[in-house]
Amino acid sequence: MTPAARRVPNAIDLELAVQARLSSVNAVFTLSLILTQASSPAEVMRLLTTAVPSITPCRKAVAWHPSRSSDYYERAPDGVGDTLATLTAPGQLEMGGFSSCWAFPLAPLPAPDSIFLVIDGTESLSDEETFLFSVLALLCGTVIAKLELIGAERANAQRIAALNAELESTVSKL
């Protein structure tokens, strides 16, 4: 085989690798645009966990909290919650078996009440994938925080409106 013939497969392999990386980056950017339009934290997490397999091969992606559950995250299994509570950066979780589990905080660490995106992969994540998921998790955390603030403001506005109506009723009786 000539030297030129030997370089062709390497060039093709390199091109396929670059296309795969660009595809993952494109999926993350597209998802980030969609996430900003989400209407609830549950929708944000649903979008995120269903999009993860398009970015990396994995069995599943879930949102876990170390000690409790909510409408958009689950309580981490026994033993894992303690590990999550001690994480100071995105990292690999030891879950037993042959899987490769990674946890990505949805808020900058150390956060008092962190929720984690947990990816149960079929193989270890590359440095690029780890970076992409770190950024994506932080973006999701930011969108969720914004939605929770909007919800709290709506609740406050309703409470104020009810108090104003009660005050108006009291004034009219006087």
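**Exercise 1.** How many aromatic pairs does the count come to in this predicted model?

*Solution.* The count comes to 3 aromatic pairs. Take tyrosine 72 and tyrosine 73 to begin. Their rings sit 4.9 Å centre to centre, with 85° between the planes. Planes over 60 degrees apart count as edge-to-face, and this pair is edge-to-face. Both tyrosine 72 and tyrosine 73 are buried.

**Exercise 2.** Classify the pair of phenylalanine 104 and phenylalanine 133, and say which elements the pair ties together.

*Solution.* Start with geometry. The ring centres are 5.7 Å apart and the planes stand at 45°, so the pair is tilted. Next, place the residues. Phenylalanine 104 belongs to strand E4 and phenylalanine 133 to helix H4 (residues 127–173), so the pair links parts that are 29 residues apart in sequence. Then check burial. Phenylalanine 104 has a relative accessible area of 0% and is buried. Phenylalanine 133 is also at 0% relative accessibility and counts as buried.

**Exercise 3.** Which strands are joined to E5, and in which direction do they run?

*Solution.* Strand E1 (residues 58–65) is joined to E5 by 6 bridges, and the two run antiparallel. Here alanine 61 stands opposite isoleucine 119. Strand E4 (residues 100–105) is also joined to E5 by 6 bridges, again antiparallel. Serine 100 has glycine 121 of E5 as its bridge partner.

**Exercise 4.** Are the residues of strand E5 (residues 116–121) buried or exposed?

*Solution.* Count them: 6 of 6 are buried. Now sort by direction. Side chains in a regular strand alternate between the two faces of the sheet. Phe116, Val118 and Asp120 point one way from E5. Leu117, Ile119 and Gly121 point the other way.

Technical notes
Residues are numbered from 1 along each chain as its sequence is written. This is a predicted model: local features need pLDDT of at least 70, side-chain atom pairs count only at pLDDT 80 or more; totals for chains, interfaces and linings use all residues. Side-chain values use heavy atoms; hydrogens and water are left out. Buried means under 20% relative accessible area, exposed over 50%, partly exposed in between (1.4 Å probe, protein chains only). Helices (H or I, at least four residues) and strands (E, at least two) are DSSP runs, numbered from the N terminus. Two strands pair if DSSP finds at least two bridges between them. Rings of Phe, Tyr and Trp (its six-membered ring) pair if their centres lie within 6.5 Å; planes under 30 degrees apart count as stacked, over 60 as edge-to-face and the rest as tilted.
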